[in-house]
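Me: I have a chain open and want to go through it with you. Can we start with the charged pairs and work outwards?

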Amino acid sequence: MNTVLSRANSLFAFSLSVMAALTFGCFVTTAFKDRRVPADIHVSKVMLKNVDDFTGPRERSDLGFITFDLSADIL
């Protein structure tokens with residue numbers, strides 16, 4: 001006769017097997033899907049900003065750079 005612990009173990013193992021099969025099924029249905037979408041990007045205005053470097057002395061810091069603020073219109 002099976003004990004409660006043995007039956008719980010069997011139920012848990014069966015549940016894990018079903019979840020593994022479902023996970024593999026989800027992987028197979030989405031792994032080879034083509035996700036490329038055509039996009040057309042235009043830059044309307046480019047603004048340069050100086051960013052203050054607060055990391056340390058200027059002669060030792062490599063982070064003093066100019067950032068670009070791009071306003072992009074995605075069609």
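Me: What does the salt bridge count come to?
Reply: The count comes to one salt bridge. Keep in mind that this is a predicted model.

Me: Which side chains meet in the salt bridge?
Reply: Those of aspartate 34 and arginine 36, with 3.1 Å from N to O. Side chains of opposite charge can pair when their charged atoms come close.

Me: Are aspartate 34 and arginine 36 buried or exposed?
Reply: Aspartate 34 is exposed, and arginine 36 is exposed as well.

Me: Switching to the fold. What elements does the chain have?
Reply: One helix and two strands. Starting at the N terminus, the order is α-β-β.

Me: Where is helix H1?
Reply: Helix H1 covers residues 4-31, and methionine 19 lies in it. Threonine 23 also has its place in helix H1.

Me: What does the backbone oxygen of methionine 19 lie 2.8 Å from?
Reply: From a polar atom in the side chain of threonine 23.

Me: And why does threonine 23 count as exposed?
Reply: Because its relative accessibility is 52%, and exposed means over 50%.

Me: Back to methionine 19. Which residues form a nonpolar patch with Met19 on the surface?
Reply: Phe14, Val18 and Leu22. Together with Met19, these residues have about 410 Å² of accessible area.

Me: Now the annotation. Which residues does "transmembrane region" cover?
Reply: The UniProt record, an unreviewed entry, puts that annotation on residues 12-32.

Me: Let's look at the whole chain. What share of the residues is buried?
Reply: Buried residues are 3% of the 75 in the chain.

Me: Last one, on contacts. Of those between residues at least 6 apart in sequence, what share joins residues at least 24 apart?
Reply: That share is 49% in this chain.

Definitions and conventions: Residues are numbered from 1 along each chain as its sequence is written. This is a predicted model: local features need pLDDT of at least 70, side-chain atom pairs count only at pLDDT 80 or more; totals for chains, interfaces and linings use all residues. Side-chain values use heavy atoms; hydrogens and water are left out. Helices (H or I, at least four residues) and strands (E, at least two) are DSSP runs, numbered from the N terminus. Buried means under 20% relative accessible area, exposed over 50%, partly exposed in between (1.4 Å probe, protein chains only). Contact means heavy atoms within 4.5 Å. UniProt positions are given in the numbering used here, feature names are shortened, and annotations may be inferred rather than shown by experiment. Patches are made of residues with over 30% relative accessible area and no salt bridge: like charges are joined within 9 Å, nonpolar side chains (Val, Leu, Ile, Met, Phe, Trp, Tyr) within 5 Å. Accessible areas come from the Shrake-Rupley method with a 1.4 Å probe; for residues, only the protein chains shown count as cover. A salt bridge is a side-chain nitrogen of Lys or Arg within 4 Å of a carboxyl oxygen of Asp or Glu. A polar contact is a pair of N or O atoms within 3.5 Å; within protein, one must be able to donate a hydrogen and the other to accept it, and residues adjacent in sequence count only if both atoms are side-chain atoms.
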